[in-house]
Amino acid sequence: GKGDILLHGCKPLSGLLSGIAQATYYGHAGITEELLRGQLYPEAAPHEFRALLAKMSGVLKSVASADMDLNQLEAFLTAQTKKQGGITADQAAVIAKFWKNHRTKIRESLINQSRWDNTLKNMNWRVDLKSQSRHVDQINTPVAIVEMELGKNGQESEFLCLEFDEAKVNQMLKKLSEIEESITALTQTT
Amino acid sequence: MAAAGKAGSPPYSHPGHGESSLGRVSFLGARPPAEVEAMAGGLRGLSQETFRRLLTVVVSALEGKDCKESVRAIAESVDLSEEQLTSLISGMYTLLREALRLPVSTFKQEVSTRSAWCLDKLRIPEEFIMDFAGVVFGNRHPVVEATTMKQGNKLPSVNDIKWRVDVAISTSSLARALQPSILMLLKLSDGTAHRFEVPVVKFQELRYNVALILKEMNDLEKRSILKIQD
């Protein structure tokens with residue numbers, strides 16, 4: 001009936017996938033099944049919509065957790081179209097387009113979900129000049145004040161305020177260079 | 001955050017020679033801090049023994065020692081509510097801390113003046129004033145040292161940096177992650193340690209910023225050297 005045509009339509013599907021992504025990967029609260037149905041498939045019967053939602057969520061989850069590249073995606077979606085109770089060719093096209101646009105962002109979100117400790121979110125700093133002696137020839141030494149924002153998912157950030165003299169900044173920079181070398185070596189061998 | 005100063009009563013204005021006592025502000029400021037006033041009220045009716053026990057605890061606290069046990073012991077043996085106890089201790093702590101900020105010589109000039117202790121306003125019983133004075137004029141050294149160390153106007157600095165590069169192969173959300181991430185452990189001068197993860201992109205930002213800080217410091221030094229030569 002009319003509901004079937006709408007369920008197989010393209011524009012609402014794109015919106016549906018966005019809604020699923022918002023709820024599952026981008027942490028947007030309050031996106032309910034009712035909301036999605038009302039906005040995108042108002043003519044569809046609730047049980048029909050539920051089935052569609054489940055199917056699309058499942059497909060997206062498979063694609064996302066495997067972080068599929070274009071070849072894998074094509075193979076996977078083709079297989080889905082051939083399956084009993086699978087997806088249509090039109091739906092496959094919409095899903096493919098959606099994944100191309102959202103892959104990086106969804107991947108980043110999934111990686112974040114596995115970060116349970118504090119993460120460096122932001123860094124602010126300033127350099128002050130500290131006057132040192134009361135003698136006539138004043139020796140001014142610079143000191144850096146650094147504020148690091150450390151946060152966990154869904155929690156208020158902790159702010160770490162630190163002081164660095166020039167020697168400490170040098171020491172820090174040296175360590176960071178070591179880390180950089182290590183990462184470069186890693187990414188070159190993979 | 002850095003302690004640039006302390007909130008509360010205005011600083012004691014040092015009296016010049018020959019100034020009358022009328023123009024002087026006591027070490028507690030024109031208006032004593034609320035907790036000191038509250039304490040003064042609570043002192044009436046307090047036994048000297050209890051007062052002295054509290055005073056010992058407060059002095060220990062000023063010396064930077066952990067006083068939880070002592071306070072608990074007093075709370076259990078004395079007929080005072082937690083609120084009353086807290087009020088007394090915080091008031092006594094503030095009073096002594098302010099008094100100890102000043103050099104002894106400044107204080108000695110005031111000791112005979114009732115206004116120094118805001119006695120008329122606070123009405124602290126005479127015998128308790130003697131005990132307070134004993135602390136202020138007694139052996140201050142450990143207390144002063146402890147307070148200056150604690151309230152130092154310096155932020156903690158980094159003593160040691162440890163790091164690790166991890167590569168997440170697979171996670172519950174991502175079957176094939178292969179994502180490198182940096183784990184850093186900063187040991188600070190105040191004894192604390194902070195562990196956090198730095199995503200690769202943030203790491204590049206961090207490295208860039210630190211290099212920029214160094215450049216700023218060098219530039220500033222050059223500029224200040226030039227200034228002196230002027």
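The legends below describe close-up views of a predicted model.

**View 1. The largest cavity is lined by residues of chains A and B.** This cavity has a volume of about 60 Å³, and the structure holds two cavities of 30 Å³ or more. From chain A, the lining includes A:Met123, A:Val146, A:Met148, A:Phe164, A:Val169 and A:Met172. From chain B come B:Leu206, B:Val210 and B:Ile213. By class, the lining has nine nonpolar residues, with no polar and no charged ones.

**View 2. Elements of both chains supply the lining of the largest cavity.** In chain A, strand E2 (140-151) and helix H7 (166-189) each supply at least two residues. In chain B, helix H9 (200-229) also supplies at least two. Which element gives the most to this lining? H9(B) does, with three residues.

**View 3. The second largest cavity also has lining residues from chains A and B.** About 30 Å³ of space lies in this cavity. A:Leu120, A:Lys121, A:Asn122 and A:Met123 line it together with B:Lys202, B:Glu205 and B:Leu206. Strand E1 (119-131) of chain A and H9 of chain B each supply at least two of the lining residues. E1(A) gives the most, with four residues. By class, the lining has three nonpolar, one polar and three charged residues. A:Met123 and B:Leu206 are listed in this lining and are also among the residues around the largest cavity.

**View 4. A nonpolar patch lies on the surface of chain B.** B:Val167, B:Ile169 and B:Leu178 form the patch. Together, these three residues have about 280 Å² of accessible area. B:Leu178 sits in the loop that lies between strand E1 (158-168) and strand E2 (179-188) of chain B. Is B:Leu178 buried or exposed? B:Leu178 counts as exposed because its relative accessibility is 52%, and exposed means over 50%.

**View 5. A:Leu53 is a buried residue in a helix of chain A.** The helix is H4, which covers residues 46-65 of chain A. A:Leu53 has a relative accessibility of 14% and therefore counts as buried, since buried means under 20%. A:Arg37 is 16 residues from A:Leu53 in sequence. In space, A:Leu53 and A:Arg37 are 9.2 Å apart, C-alpha to C-alpha.

Definitions and conventions:
Residues are numbered from 1 along each chain as its sequence is written. Chains are lettered from A and ligands numbered from 1 in the order in which they are written. This is a predicted model: local features need pLDDT of at least 70, side-chain atom pairs count only at pLDDT 80 or more; totals for chains, interfaces and linings use all residues. Side-chain values use heavy atoms; hydrogens and water are left out. Patches are made of residues with over 30% relative accessible area and no salt bridge: like charges are joined within 9 Å, nonpolar side chains (Val, Leu, Ile, Met, Phe, Trp, Tyr) within 5 Å. Accessible areas come from the Shrake-Rupley method with a 1.4 Å probe; for residues, only the protein chains shown count as cover. A salt bridge is a side-chain nitrogen of Lys or Arg within 4 Å of a carboxyl oxygen of Asp or Glu. Buried means under 20% relative accessible area, exposed over 50%, partly exposed in between (1.4 Å probe, protein chains only). On a 1 Å grid over the protein atoms alone, a cavity is a set of points where a 1.4 Å probe fits but cannot get out, and a pocket is an open set with protein on both sides within 12 Å along at least five of seven lines; lining residues have an atom within 4 Å of a point. Grid points are joined across faces, edges and corners, and a volume is the space filled by probe spheres set on the points. Ala, Val, Leu, Ile, Met, Phe, Trp, Tyr, Cys and Pro count as nonpolar, Asp, Glu, Lys and Arg as charged, and the others, Gly among them, as polar.
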